[in-house]
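Here are a few friendly notes to read alongside the model. Keep the structure open and find each part as you go.

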Amino acid sequence: MDVGASDSRGDGNGLEAESMGPGEGLTTGEVARRLGVAPTTIRTWDRRYGLGPSAHTGGKHRRWTAADVARLERMCALTATGLPPAEAARLARRETTDETPPRRAAPAEPPAPRARARARAGSGLRLGDVRQECKGIARAALRLDTSALDELLMAAITRYGLVDAWTEVIVPTLQAVGRKWEDSGERYVEVEHLLSWHVSGALRRAAPPVDDDRPGASVLLACVPGERHTLPLEVLAAALAEQGLPVRMFGGALPVDSLVAAVRRTGPALVGLWAQSRTTASRPLALHVASMEWGVRGARRKPAVLTLGPGWAGQPTAGLRRPLGLAEAVATVQSIIGD
């Protein structure tokens, strides 16, 4: 199971405002989806900094005009550069006041600094041709907006399911953050760490509880010794739980003796071993686990072993299965264990 490469055609991060005719407007939820932030964030900006709709319309829901949306776009751009929210709100109000149309007025600050800020906020992460949710999550990560991250990640998982949300939303965003880190030296490490932590939390919250008292039907997942990249293994554990399959997840860098002891104690039907790097992937270890037996004489069993991750790339080894991708890994486990 490998993390696939994302498409890099263009940056794909532009947020073009749709035209709205006279009297039209957007709800708070629609504005949140357009900007890629949580509705609670917009309401907080309204309450604390006065960035709410400029006019009230009849009915229960307030409507946001094109000028209102432009003001919030500017707020997003400024906070993404690290400006404190209160100062960003003051500038956003000043720069977008009495603009006609709102996004084409002369800036209150010198043009060059504003252009740089917009570039960092709007296209700082090279996402490519991806789902809209990727852009929202990326912006929230750049702003270190934990509330928005939690809400947007859970919304994507709820909408697409764990497998598709991971493949089409979470992985492209993680890869874009990784590229940003690599291209920027030591900058943006905090963005990657924050995003990874919240992805891990979302996976745990999304995984339903499963009864693990099913002899011969459990799955043991662990990183090989020296390997600490756990997120792909965490999503597999959550996706299997989503299918009602009992999983024991041991996380990163499980020592050899501990892995062997865990296999003997639990007697799993299947063991998944994750290796991100070829330097950590150990075929002798995987073959040893695949040869382990338990049970009474005449009815002994061995676990099926899945080698997961790019570290296992190369010539296949007899007796070891290597599914490519999360969906294939889930299908392989289901075929081995059954319903």
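1. Start with the open sheet, in which five strands follow the order β2-β1-β3-β4-β5 with parallel pairing. Strands pair if DSSP finds at least two bridges between them; strands (E, at least two residues) and helices (H or I, at least four residues) are DSSP runs, numbered from the N terminus. Why is one side of β2 and of β5 left without a neighbour in the sheet? β2 (247-249) and β5 (320-321) stand at the edges, and each has a single partner strand, so one side stays without a neighbour there.

2. A word on the source: this is a predicted model, where local features need pLDDT of at least 70 and side-chain atom pairs count only at pLDDT 80 or more, while totals for chains, interfaces and linings use all residues. Residues are numbered from 1 along each chain as its sequence is written, and side-chain values use heavy atoms, leaving out hydrogens and water.

3. Now look at β1 (residues 219-223), which runs parallel to β2 and is joined to it by three bridges. Here Val219 stands opposite Val247 in β2. Helix α10 (residues 256-266) packs on the sheet and touches β1, β2 and β3 (270-274); contact means heavy atoms within 4.5 Å. The direction of α10 makes about 175° with that of β1 (axes are lines fitted to C-alpha atoms, for helices over the stretch in contact, and angles run from 0 to 180 degrees between N-to-C directions).

4. Which residues touch the most other members of the largest nonpolar core? They are Trp166, Leu195, Val199, Leu236, Leu326 and Val333, out of 51 residues. Such a core is a set of buried Ala, Val, Leu, Ile, Met, Phe, Trp, Tyr and Cys residues joined through side-chain atoms within 4.5 Å. Buried means under 20% relative accessible area, exposed over 50%, and partly exposed in between (1.4 Å probe, protein chains only). Helix α7 gives this core its largest share, 16 residues.

5. Setting aside neighbours within four places in sequence, Val199 is in contact with Leu153, Trp166, Ile170 and Leu231.

6. Ser54 counts as exposed because its relative accessibility is 55%. Beyond its neighbours within four places in sequence, Ser54 is in contact with Thr65, Asp68 and Arg71.

7. Finally, helix α11 (residues 283-291) has Leu285, Ala286, Val289 and Ala290 as its buried residues. What covers them includes α10, β3, β4 and β5.
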